[in-house]
Amino acid sequence: MLHPRSSEPSLIAHAGRSYFPIAFVARLPFAMMVVGVLTLVVASRDSVALGGINSASVGIGSALFGPLVGAAADRLGQRKVLVPVGLANGVLLGVLPVVVQSAAPDLAVLMMSFLIGATAPQVAPMSRTRLVAIIRQRMSGDRRERVLSGTMAYESAADETVFIIGPFLVGVLASAIAPWVAVAGASALTFVFVTAFALHPTGRLAVGQHAVVRPASARQLLRPRLVVVVVGILGIGFFFGSTLTSLTAFMATHGGSSQAGLLYGLMGIGSAGLALGSAAFPRAFGLGWRWLVFGVVLLGGAVAYATADSVLAVGVVLTVLGIGIGPTLVAQYSLGSERAPAGRSATTMTILGSAVIVGQSLTAAVVGKVADSAGVEAAMRFPAFSAAVVVLAAVANLVLTRRDARR
């Protein structure tokens, strides 16, 4: 995938061997934010509902400012944007545990959560932008499609893996030490690895690409074929948020809410493996059909999750659910990359990345309130509703694709 047999240099050679480890670890704070805030607030202020609202504040901040960060990177270059944004985010994450555990009012905590989301470093979409720039600028035409497909599979697998590892790390640190340690750890990772990613030489390559490409009109971002991908990936965010919050409520009645991240990590077993394996799917099994097929797998698993009544049963179902997530994300991000307007790659990828955390945060708030008022069983139905959004968006995507083909 990343080492194709050819006399030409591989993508790893073009990007540099240090790039992929740095870019992978630099994604972790983004994946830990929502879960870390949720766990910290629930543990410190004893309210699942308040924790969910703070998670939603993180998502709202990311939704409002994430695309602006991407647009600024398209115009000014990633390095000039990521360095100050990453430093500000690291400081806010470091201060949050002090504010939450103090006598500060809930409104102050909500404001801190919002600012954390607003300054969230958009590492994943910017990584995709850099790698796509390398492939398009430095690789021959006969290799581009194959390498691009493998790269999108890797990037989606990396995203999926960190969105599983992030909550898992939060669960481990919260259980073994204290809930505030997870947020402090995210702060340290931001200072070190986000800065390293921002200063990596590949950041200059992306700048060079955007300097010679006249950006398409911002209205191109509202094309139906791109909007439907955003809706689909928003559904994945809904699924992450509703699953994690309902699982937190479930584990609160079965041994401790701080252990939810450990159980949540079971989804990563099948998810990351199948995401990486997506590059081997036959071309006849197109991206739109992959999205639909694995979305249906996700929906079936979510229905089973709603009926699970023991820790063992939930663990088994979560393992099965992972099979549907990875390939679905790969298909969605690949379609988003294909449909990104000229000169707006970072903006498009940032919108997609923000959609995940926005969906995760909004459902965390809603499901947190449902868990407090209607009980755990009602909360555990929401992942099925979220998976239904993914499937409906997949159907809409196929309809739009067929309509455009006829035209």
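This is a predicted model: local features need pLDDT of at least 70, side-chain atom pairs count only at pLDDT 80 or more; totals for chains, interfaces and linings use all residues.
**Close-up 1**

**Close-up 2. Where α3 meets α5.** Here helix α3 (residues 48–76) and helix α5 (residues 106–118) have axes that come within 6 Å and cross at roughly 35°. The crossing of this pair, α3 and α5, is right-handed. On the α3 side, look for L50, I53, N54, S57, V58, I60, G61, S62, L64 and F65. They meet D106, V109, L110, S113, F114, G117 and A118 from α5. Sorted by class, that α3–α5 contact comes to ten nonpolar, six polar and one charged residues.

**Close-up 3. α10 alongside α13.** The axes of helix α10 (residues 224–252) and helix α13 (residues 287–307) come within 13 Å, crossing at roughly 20°. An angle under 35 degrees counts as roughly parallel, so that is how α10 runs relative to α13. As for handedness, α10 passes α13 in a left-handed crossing. From α10, the contact draws on V228, V229, G232, I236, F239, T243, S246 and L247; α13 supplies W291, L298, A302 and Y305. Nine residues in the contact of α10 with α13 are nonpolar and three are polar, with no charged ones.

Methods
Residues are numbered from 1 along each chain as its sequence is written. Side-chain values use heavy atoms; hydrogens and water are left out. Axes are lines fitted to C-alpha atoms, for helices over the stretch in contact, and angles run from 0 to 180 degrees between N-to-C directions. Helices (H or I, at least four residues) and strands (E, at least two) are DSSP runs, numbered from the N terminus. A crossing is left-handed if the near helix is turned anticlockwise from the far one by less than a right angle, and right-handed if clockwise. Contact means heavy atoms within 4.5 Å. Ala, Val, Leu, Ile, Met, Phe, Trp, Tyr, Cys and Pro count as nonpolar, Asp, Glu, Lys and Arg as charged, and the others, Gly among them, as polar. Angles under 35 degrees count as roughly parallel, over 145 as roughly antiparallel, 65 to 115 as roughly perpendicular and the rest as oblique.
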